[in-house]
Amino acid sequence: ADMAKKSRKRKSVLKKQAVKKRKPKTSSRMWRATRFLCSYSFKFSCLLAGVVLISLFFLYLYENLLTSPYVRLERVVVNGVDEKLKHALLKMSELKPDTSLLSVRLDELKQRMEKHPWIRSVNLEKRFPHTLVIEAEKEKPCAVVVMGHLHYMNRWGKIFRRVDKTASMDLPLVTGISTSESDREKQLQLAARVLRLLEAEKGPWSKSQLSEVHVEKTGHISLYFLSLPAVIELEGTQLDRKMADLKRLVKHLKSTGRIHMVERINLNFREGAVVSYKNDGVVS
């Protein structure tokens, strides 16, 4: 009985001594958050101020370099073209003697110089402290295109300049070019391909012996050689495959003494060719 009484008393005391949980103080959490934000803002402000100061320093340094004699442009070297084109490129560059080499914008200068009709490409290089090097490639006419007016064409099929009236032309003619832009581009590309192929030939089949390339919309071409009285007709893309057959045929016609009678050689056949003679005779 005594033990039961003591047990009941102990439970009564424990109930009276119930532990109360502490509630976190809201003000304390807000203070810590405010202190963290202030610390972060201060560090960020210091970093931003440092970046601004460094930027201002480099800007100041750059402005001083622009006027410094240590990087002043004193020499312009132009390679790859003749004296006449050198003077033209220097004039187009608009570079002044007191220009800083740092202030020269190579992309803008390149675009400006490549607008010259006789310039195919320009590469520029700054060589500190005082030199600008200009490597220029001159356009080389490969043929003269008859298209309303006479125009120079390079070996890639690009028309780059109208032919002057006083210019001497020792170049093959490209005729039959369409007024349609899409057809014209294809025809010029085909003519350029034919001319590049003949660059590797020698003797009577060389490009120097070619007087005219007539290009049709269909892709067929007619070749006129100074060394041959006949017109050669074929599909332009087949010239590399047909060249050996053409040489054998012309050799045979020469050996039989009939070459001077030939008016037209048509190679637009899978096997063989058709030879037309001046007296209206045709031989397959």
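Two strands pair if DSSP finds at least two bridges between them. In this predicted model, three bridges join strand β5 (residues 149–153) to β6, and the two run antiparallel. Local features here need pLDDT of at least 70, side-chain atom pairs count only at pLDDT 80 or more, and totals for chains, interfaces and linings use all residues. Residues are numbered from 1 along each chain as its sequence is written, and side-chain values use heavy atoms, with hydrogens and water left out.

**Overall makeup**

- The protein chain comes to six helices and 13 strands; helices (H or I, at least four residues) and strands (E, at least two) are DSSP runs, numbered from the N terminus.
- Of its 284 residues, 30% count as buried, where buried means under 20% relative accessible area, exposed over 50% and partly exposed in between (1.4 Å probe, protein chains only).
- Among contacts in the protein chain with a separation of 6 or more, 47% come from residues 24 or more positions apart; contact means heavy atoms within 4.5 Å.

**The β5–β6 hairpin**

- Histidine 151 has arginine 162 as its bridge partner in β6.
- Five residues lie between the strands of this hairpin, and glycine 157 takes a positive phi near 85° there.

**Aromatic pairs**

- The structure holds four aromatic pairs; rings of Phe, Tyr and Trp (its six-membered ring) pair if their centres lie within 6.5 Å, and planes under 30 degrees apart count as stacked, over 60 as edge-to-face and the rest as tilted.
- One of them joins tryptophan 118 and phenylalanine 160 edge-to-face, at 5.2 Å centre to centre and with 70° between the planes.
- Tryptophan 118 lies in the loop between α4 (106–113) and β2 (119–127) and phenylalanine 160 in strand β6 (residues 159–162), so this pair ties together parts that are 42 residues apart in sequence.
- Phenylalanine 160 counts as buried because its relative accessibility is 10%.
- Tryptophan 205 and phenylalanine 225 also form an edge-to-face pair, 5.2 Å centre to centre with 80° between the planes.
- That pair links distant parts of the chain, 20 residues apart: tryptophan 205 is in the loop between α5 (181–199) and β8 (210–215), and phenylalanine 225 is in strand β9 (residues 220–225).
- Tryptophan 205 is buried at 10% relative accessibility, and phenylalanine 225 is buried with a relative accessible area of 5%.
- Trp118, Tyr152 and Phe160 are linked into a cluster by ring pairs.

**Charges over rings**

- Lysine 138 lies over the face of tryptophan 118, 5.4 Å from the ring centre; the criterion is NZ of Lys or CZ of Arg within 6 Å of the ring centre and within 35 degrees of the ring normal.
- Arginine 155 lies over the face of tryptophan 156, at 5.4 Å from the ring centre.

**Glutamine 187**

- Glutamine 187 is found in helix α5 and is buried, with a relative accessible area of 3%.
- A polar atom of its side chain lies 2.8 Å from the backbone nitrogen of serine 178.
- The glutamine 187 side chain also reaches the backbone oxygen of valine 215 at 2.8 Å.
- Leaving aside neighbours within four places in sequence, glutamine 187 is in contact with residues including Gly176, Ile177 and Lys217.

Technical notes
Polar contact = N/O pair within 3.5 Å; in protein donor to acceptor, adjacent residues only side chain to side chain.
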